[in-house]
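Reader: I've just opened this one and I'd like to learn how to read it. Could you walk me through a few features, with the general idea before each case?

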Amino acid sequence: MKQRKQYTTDLKDKEWDILESYLERLVPKNRRGRPLAFDLRLLVDAIRYVLRNGCTWRDLPGDFPKWQTVYYHFAKWRKLGIWTKLNKYLRRQLRKELGRNEEPSAGCADSQSVKAGSLYGNGYDGGKKVNGSKRHILVDTLGLLITILVTGANVPERKGLSLLISNIRHLLPRLHHIWLDQGYRGLDFGKRMLLCFGVVLEIVSPPAGSKGFVLQHRRWVVERTFAWLGNYRRLSKDYEHLTSSSEAFIYMASCDIMLNITAQCCK
């Protein structure tokens with residue numbers, strides 16, 4: 001059998017050793033019909049190729065399984081929330097290895113407006129002059145992704161944060177403090193978040209009289225996370241038809257980042 005070409009986007013052995021145990025538990029076994037025709041690692045490598053290079057599914061190299069097969073498994077795992085669960089497991093493991101509690105008590109949130117193609121529910125962000133979608137993310141103090149919500153770009157930051165927290169509050173009992181930028185200002189909003197979710201919001205402002213770029217206390221962590229995600233060409237723009245697909249790719253990029261950090265810690 002002809003050996004498959006190796007790509008720079010392929011999983012390294014140490015990364016696969018970490019990932020395999022989780023995937024074996026998360027991916028359901030096919031008890032009826034034909035067994036899986038391809039190795040799990042090969043399917044993950046194919047999806048990573050799309051994520052890292054930003055190509056269309058149809059442009060996958062021929063030494064991967066057919067693009068229809070790869071997309072089928074991507075869509076199936078998206079519906080099962082595989083990447084969301086994997087993101088949680090990897091984050092908890094990495095925090096534990098770094099001497100932190102598995103669940104964060106504080107975090108930092110922000111949003112990013114990006115141009116979009118045919119995404120359902122596109123909107124126009126008048127402040128950023130962007131027609132597309134908006135990514136609302138919450139990270140811990142290490143910059144590791146906790147959760148992501150993709151909406152139309154016209155959804156305000158405060159509404160996006162409310163939706164974000166309401167979706168995951170029951171999963172994060174220790175979370176009580178979030179740092180934000182000035183786009184989330186509002187006394188009533190802060191009071192509502194404290195009463196409804198028990199979360200204290202702290203607005204971080206640049207130093208008085210500062211001009212240009214200034215590194216802001218605590219907020220630089222979430223900005224660095226956006227920079228990490230920017231290394232994945234599929235995320236340079238929102239190319240997806242469904243918000244769930246957009247979120248799945250972002251969770252997958254986050255898993256890739258944590259896999260790389262964890263593999264380095266294990267050296």
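**Reading the structure, feature by feature**

Author: Let's start with one side chain. Not counting residues up to four places away in sequence, Trp16 touches Leu11, Leu23, Leu40 and Arg41. Keep in mind that this is a predicted model.

Reader: Where is Trp16 placed, and is Trp16 buried or exposed?

Author: Trp16 has its place in helix H1. Its relative accessibility is 8%, so Trp16 counts as buried, the cut-off for that being under 20%. For a sense of distance, Trp16 and Gly54 are 38 residues apart in sequence, and their C-alpha atoms are 22 Å apart in space.

Reader: Okay, now helices. How do I describe two that pack together?

Author: Two packed helices are described by the angle between their axes and the distance between the axes. Here, helix H1 (residues 13-26) packs with helix H2 (residues 40-53) at an angle of about 110°, and the axes are 11 Å apart.

Reader: What does that angle make H1 and H2 to each other?

Author: Angles of 65 to 115 degrees count as roughly perpendicular, so H1 and H2 are roughly perpendicular to each other. Their crossing is right-handed.

Reader: Which residues make the contact of H1 with H2?

Author: On the H1 side you'll find Asp13, Glu15, Trp16, Leu19, Leu23 and Glu24, and on the H2 side Leu40, Arg41, Val44 and Arg48. Sorted by class, this contact of H1 with H2 has five nonpolar, five charged and no polar residues. Our Trp16 is one of the H1 residues there.

Reader: How do the axes of H2 and H8 cross?

Author: The H2 and H8 axes cross at roughly 105° and come within 11 Å. That makes H2 roughly perpendicular to H8. From H2, the residues Val44, Ile47, Arg48, Val50, Leu51 and Arg52 meet Phe249, Met252, Ala253 and Asp256 of H8. By class, the contact of H2 with H8 has seven nonpolar, three charged and no polar residues.

Reader: What about the inside of the protein? What's the general idea there?

Author: In soluble globular proteins, nonpolar side chains tend to be buried together. In this model, the largest nonpolar core has 58 residues, and Trp77 and Trp83 touch the most other members. Helix H8 (residues 243-265) gives the largest share of this core, 11 residues.

Reader: Which residues is Trp83 in contact with, leaving aside its neighbours within four places in sequence?

Author: Those are Val44, Trp77, Ala248, Tyr251, Met252 and Cys255. Apart from that core lies another one, of 18 residues, with Leu138, Leu149, Leu164 and Leu175 among them.

Reader: Where is Asn260 placed, and how accessible is Asn260?

Author: Asn260 has its place in helix H8. With a relative accessible area of 32%, Asn260 is partly exposed. Its C-alpha atom is separated by 24 Å from that of Asp238, 22 residues apart along the chain.

Reader: Let's move to strands. Where does Gly123 lie, and what does Gly123 touch?

Author: Gly123 lies in strand S2. Not counting residues up to four places away in sequence, Gly123 touches Val130, Asn131, Gly132, Gly152, Ala153 and Asn154. At 5% relative accessibility, Gly123 counts as buried.

Reader: And backbone angles? What should I look out for?

Author: Most residues other than glycine have a negative phi, and most peptide bonds are trans. Now look at Lys129: its phi is near 60°, a positive value in a residue other than glycine. Lys129 is found in the loop between strand S2 (123-125) and strand S3 (130-140). At 57% relative accessibility, Lys129 counts as exposed.

Reader: One more loop, please. Where is Gln182 found?

Author: Gln182 is in the loop between strand S5 (177-180) and helix H6 (187-197). Its relative accessibility of 32% means that Gln182 counts as partly exposed. Leaving aside its neighbours within four places in sequence, Gln182 is in contact with Ile203, Val204, Ser205 and Pro206. The C-alpha atoms of Gln182 and Leu98 are separated by 31 Å, with the two residues 84 apart along the chain.

Notes: Residues numbered from 1 in each chain as written. Predicted model: local features only at pLDDT ≥ 70, side-chain atom pairs only at ≥ 80, totals over all residues. Heavy atoms only, no water. Helix = DSSP H or I, 4+ residues; strand = E, 2+ residues; numbered from the N terminus. Buried < 20%, exposed > 50% of the residue type's maximum accessible area, 1.4 Å probe, protein only. Contact = heavy atoms within 4.5 Å. Core = buried A, V, L, I, M, F, W, Y, C linked by side-chain atoms within 4.5 Å. Axes fitted to C-alpha atoms, helices over the stretch in contact; angles between N-to-C directions. Parallel < 35°, antiparallel > 145°, perpendicular 65-115°, else oblique. Left-handed = near helix turned anticlockwise from the far one by under 90°. Nonpolar A, V, L, I, M, F, W, Y, C, P; charged D, E, K, R; others polar.
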